[in-house]
Amino acid sequence: MSAEATNPASAGPVAPPTPQALTASAAPAAVRRKSRPRIDLRRLGRAALLGPAGRDKLPDAIGHVVEAHRAHHPDADLEPLRRAYVLAESSHRGQMRKSGEPYITHPLAVTLILAELGAETTTLTASLLHDTVEDTEVTLDQVREQFGEEVRYLVDGVTKLEKVDYGAAAEPETFRKMLVATGNDVRVMSIKLADRLHNMRTLGVMRPEKQARIAKVTRDVLIPLAERLGVQALKTELEDLVFAILHPEEYEHTRELIAENAARPGDPLAEVADEVRGVLREAGIPAEVLIRPRHFVSVHRVARKRGQLRGADFGRLLVLVNEDADCYGVLGELHTCMTPVVSEFKDFIAVPKFNLYQSLHTAVARPDGQVVEVLIRTHQMHKVAEAGVVALGNPYAPAPDPSASDPSVSDTPASGPASAADGERVDPTRPGWLSRLLDWQQAAPDPDTFWSTLREDLAQDREITVFRPDGGALGLPEGATCVDAAYAQYGEDAHACIGARVNGRLATLSTVLRDGDTVQLLMGQDPASEPSREWLEHAHTPAARIAIQRWLAAHPGGGTDTDGPDGAPAAPADAARPAAAPDGDPAEPQPAAAAHRAAPAGAARPGVSSGAPPAPPADGTPAPRSRRADVLADRPGAAVRLAGCCTPVPPDEITGFAVRGGVVTVHRVECAAVAHMKSRGREEIGVRWGDTAECRVTLVAESFGRPHLLADLTEAIALQGAEIVSATVEPPSQQRVRHTYTLQLPDAAHLPALMRAMRDVPGVYDVSRAQHQAPAS
């Protein structure tokens, strides 16, 4: 915004010619990829100088925007666009860009970019006004009065902070403000990306050093954000523009390679495209087969990877079909009738990328050895692949009560619509990486730390998913370790992490996690538990690094190494307290520690584990986990969950309550929570035991303190065939120790024998079923 720009005809770097233009002569018109039309700034300038049209007539200057908008939204109400243009044109009148065009040409160009991507009317309205509050006398209150709260929020989100107020911190703090606003409404970042694209297209009037500075920020921040939001159409053009400025020699060499390939006779991509069309025609699968030339940066990367480039390396085939099932039909036909390169197959339909991208990737080999990459997707998938979150339109519910606003944006101005009336987010476009970014940015101590950490975070462009033992999931960047998983799950409480299990095996906290791993974190709350300074070497995420650095800064000389030689915790100290879950059920105790004594060589170690259940979702319904104890409820189709506060097992007398989300929670009738939930008016549901197998139960063991007591107890539990899901040990009081175990039993009938075996352990004087206190009313 407030972009200093010039006409593309001016000296200096300008938008590079697209590979499509360079290869146009080599590709048939029917399969040539459509390129985005360039904006005639002179025509826009002349139209803008004529002023707005009559009250009921659309101004000529926004005719191109209206045409692009109607292509995606034929029934859109264009009146807000007319009024937004009238306000923007009158506000910016007299302001000129450094290129000499009226300033209004910039918001018009930005709005056209978004209209071509399919943005809805509210986004386009805010785009036309995105510089008015920053550069004119228009206020946010005026924007709200004329266009509503949504438009006001979007305009405010992309408005820069003043250097007069923030000094050198203005740029990082502006990005922080913008990212927090994006957490509430992703359309804020859509406008910013389009704004930066137009500024980059017309950057030639700037001094070379300023061009380089803007290009580096675009490379380090805006391009990764475009990638994460799935807006590939903007991301690829931004990459080429940055490439031309920061690496002019390599850019020129790449341009020459593309031009040389376009001049060669014959096109292997066109030949394979014709062959694919024939195969699909015979199979009766309606499909559109296109050639997608690679953009400059993509060609450069392939050249560095493969060395000498051949004709098929300069593009890929794109097959567009109508239905998801047709994607797999196309794949089967290609692999049957052509020679597939199996190692190149990827299924991003069944497992979409974290940025909404869906497609099948494969490759086929030609007789001459050239490999042609093929992308297979539906038309809707293609729209999302190109425009990302912009293609989803407005995913937000009607504006909720301000008191229920998202706490992660509490420092922003009055927020736009981001939550449902019951407080649960309905925005499908707020992915895990954005939530993590919003979390750690609040802990960044200063703008410099935020700015440098933001760049590091955005450089991690691939996400993995790891699972907790109870089935909950954690999204982490590729390369994350157990330390990162601990801070992602527990926040600063992860300072007390004393060990981990990865896929059931003890592992050091420095262990790098892989996609699909199951991670159990062993937690302790002993005063001696503290983060190790070495954890900083293993922390991959900003949230973990910032939390560790803050603790070390507050505890000079602290930070011992708690990671033992085999990853086992050094001490079993721990405490945990049950907490009230949002739906009124007492939550299961948070597991805190587990320890075992080294078994003799060759002997199996007891399966001691300690992994916390996931935090309940926003609606208060704990994440379900199958316990295979069959409970029948007098409500057909309802999900049934055994309460963690009393862990009922057959043949306990039980009752059920309906909680939010339609789930029926099952309690023992003597559970303290039953009276509490009745007093709150919860609907009581009849439940009964069916055929049962495995069950889960929480036991409390009271004992006298002695060495190796915990190891003996866990060994006794393991010998009974029970699996320890979590274990907590409270600090000793008057030589007495209280242990709490959540156990998975192969059969409920084994419970009495298990409790007897635990009582037989020397030092244990009582074992009982857990009875948590009901929360205060």
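**View 1. N503 sits partly exposed in a loop.** With a relative accessible area of 41%, N503 counts as partly exposed, a class that lies between buried (under 20% relative accessible area) and exposed (over 50%), using a 1.4 Å probe and protein chains only. The loop that holds N503 runs between β9 (497-502) and β10 (505-507). Helices (H or I, at least four residues) and strands (E, at least two) are DSSP runs, numbered from the N terminus. Phi of N503 is near 55°, a positive value in a residue other than glycine. Please keep in mind that this is a predicted model, where local features need pLDDT of at least 70, side-chain atom pairs count only at pLDDT 80 or more, and totals for chains, interfaces and linings use all residues. Residues are numbered from 1 along each chain as its sequence is written, and side-chain values use heavy atoms, with hydrogens and water left out.

**View 2. M189 is buried in helix α12.** Look for M189 in α12, which covers residues 187-201. M189 has 0% relative accessibility, so it counts as buried. Leaving aside residues up to four places away in sequence, M189 touches M178, L179, T182, L222, L225 and L229; a contact here means heavy atoms within 4.5 Å. V158 is 31 residues from M189 along the chain, and their C-alpha atoms are separated by 7.7 Å.

View 3. C327, V330, L331 and L334 of α18 are buried. Seen down the helix axis, the buried residues fall within an arc of 100°, so they line one face of α18; the arc is that of the directions from the helix axis to the C-beta atoms. These buried residues pack against α16 (268-283), β2 (315-321), β5 (360-365) and β6 (371-378). On the other side of α18, A325 and T336 are exposed.

**View 4. Four strands form an open, mixed sheet.** The strand order is β13-β15-β14-β16, with mixed pairing; two strands pair if DSSP finds at least two bridges between them. β13 (640-642) and β16 (684-685) stand at the edges with a single partner strand each, so one side of each has no neighbour in the sheet. β14 (residues 654-658) pairs with β16 in the antiparallel sense over two bridges, and F657 has E684 in β16 as its bridge partner.

**View 5. Helix α25 lies across the sheet strands β14, β15 and β16.** This helix spans residues 672-679 and runs at about 130° to β15 (664-668). Axes are lines fitted to C-alpha atoms, for helices over the stretch in contact, and angles run from 0 to 180 degrees between N-to-C directions.
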